[in-house]
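Please look over the sequence and the model before reading on.

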Amino acid sequence: MDGQRLLIVTGKGGVGKTTVAAAYATALAARGKRVLVAMCNAKERLSVMLGSDLISTEVTRVVPNVWAVNMTPESALEEYGMIALRSKTLYQLLFDNKYVRVFFRAVPGIQEWSMLGKAWWHTTETLPDGSPKYDVVILDAPATGHGLDMLRVPKVIVDVVPPGLLRRDAERAWNMFRDPEACGVVLVTIPEEMPTSETIELAGALQDELGMSIARVVVNAVLPPLFSREERDVLEPLEVTAVDAGSSALVASRSRAVRERVQAESLARLARALPVTPAYFPLLFEDAATPFAIKELAKRL
């Protein structure tokens with residue numbers, strides 16, 4: 001993953017995408033990289049994980065070497081409009097109009113592109129000496145289905161939009177997204193049957209349909225195994241009702257054995273189906289949304 005300017009973090013909802021994005025930002029910052037984390041109109045939790053002030057639609061430095069922004073379609077479109085027109089006055093004249101705003105909201109994919117394009121644009125920003133403003137931009141993308149639809153948008157623009165600024169930028173972004181040296185997707189999942197199936201399907205769509213590179217798979221909330229396969233085979237068939245301390249322990253053991261079997265099967269499926277060796281984040285029994293927990297998880301990367 002060294003050298004990639006854009007990391008797109010996605011996966012099924014509820015698997016810990018923002019946790020992984022925070023861990024990556026922390027790990028890269030510790031190596032001296034300047035990192036921007038861009039969220040897509042998110043219910044903001046990143047500030048709690050990094051121990052910073054609330055993150056808004058303005059790019060803000062949150063901790064050493066890490067900046068963050070919580071993009072909304074409206075704020076991203078406004079910023080893009082001002083960049084394109086090079087004039088706030090001209091932007092306000094054209095865009096501060098309810099009919100124009102209704103039109104843009106009705107254009108298929110424009111809201112997704114406004115945020116995806118903003119994340120890409122930040123990879124092109126430079127400092128006065130010509131060096132990149134950010135070494136890595138991490139896009140905390142929407143969950144599986146919406147995230148995949150978002151990543152399809154620049155290809156649609158390239159295919160159907162007439163030549164002009166919008167198509168030019170979409171083409172530049174689309175070329176970057178398909179360059180494994182510049183961009184990679186980080187898939188986040190948990191070791192359960194449905195998230196595992198969705199992750200494998202998503203990886204296939206990203207590679208086969210969009211031609212994008214899978215940079216890393218992170219399996220979150222992995223339990224340390226307590227039982228061997230033979231012990232699970234003994235425990236799972238038991239039919240026990242908790243009526244006393246002894247049977248309660250058996251019920252708990254059987255439940256843990258079932259969960260460990262599902263986990264082992266899920267990890268095996270991921271290893272067989274995906275082109276990269278997964279990284280494993282342990283299940284944290286205390287709150288993972290703390291700076292200390294994020295730093296511990298970052299060590300796994």
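## Basis of the report

The model is predicted, and local features need pLDDT of at least 70, while side-chain atom pairs count only at pLDDT 80 or more and totals for chains, interfaces and linings use all residues. Residues are numbered from 1 along each chain as its sequence is written, and side-chain values use heavy atoms, with hydrogens and water left out.

## The chain as a whole

The chain contains 12 helices and 8 strands. Helices (H or I, at least four residues) and strands (E, at least two) are DSSP runs, numbered from the N terminus. Of the 301 residues, 45% are buried, where buried means under 20% relative accessible area, exposed over 50% and partly exposed in between, with a 1.4 Å probe and protein chains only.

Contact means heavy atoms within 4.5 Å. Among contacts in the chain with a separation of 6 or more, 73% are between residues 24 or more positions apart.

## The sheet

An open sheet is formed by 8 strands in the order S3-S4-S2-S5-S1-S6-S7-S8, with mixed pairing; two strands pair if DSSP finds at least two bridges between them. Strand S3 (60-63) and strand S8 (279-282) are the edge strands, each pairing on one side only. From one strand to the next, the twist averages 25 degrees.

Strand S2 (residues 35-40) runs parallel to strand S4 (residues 66-71), and 6 bridges join the two. In this pairing Ala38 stands opposite Val69, and Leu36 has Trp67 as its bridge partner. S2 also pairs with S5 in the parallel sense, over 5 bridges, and there Val37 stands opposite Ile138. S2 is mostly covered, with 6 of its 6 residues buried. Val35, Val37 and Met39 point one way from S2, whereas Leu36, Ala38 and Cys40 point the other way.

## Helices on the sheet

Helix H1 (residues 17-30) lies across several strands, including strand S1 (6-11), S2, S4 and strand S5 (136-140). H1 runs at about 170 degrees to S5; axes are lines fitted to C-alpha atoms, for helices over the stretch in contact, and angles run from 0 to 180 degrees between N-to-C directions. Helix H6 (residues 110-124) also packs on the sheet, touching S1, S2, S4 and S5, and its direction makes about 165 degrees with that of S5.

## The pair H7 and H8

Helix H7 (residues 144-160) and helix H8 (residues 165-177) have axes that come within 8 Å and cross at roughly 130 degrees. The two helices are therefore oblique to each other, since angles under 35 degrees count as roughly parallel, over 145 as roughly antiparallel, 65 to 115 as roughly perpendicular and the rest as oblique.

Residues of H7 in this contact include Leu151, Pro154 and Lys155, and those of H8 include Leu166, Arg167 and Trp174.

## Two buried residues

Ala27 is found in helix H1 and counts as buried because its relative accessibility is 17%. Its contacts, not counting residues up to four places away in sequence, are Ala298 and Leu301. The C-alpha atoms of Ala27 and Leu297 are separated by 8.9 Å, although these residues are 270 residues apart along the chain.

Ser52 lies in the loop between helix H2 (46-50) and S3. Ser52 counts as buried because its relative accessibility is 18%. With residues up to four places away in sequence not counted, Ser52 touches Ser47 and Val62.
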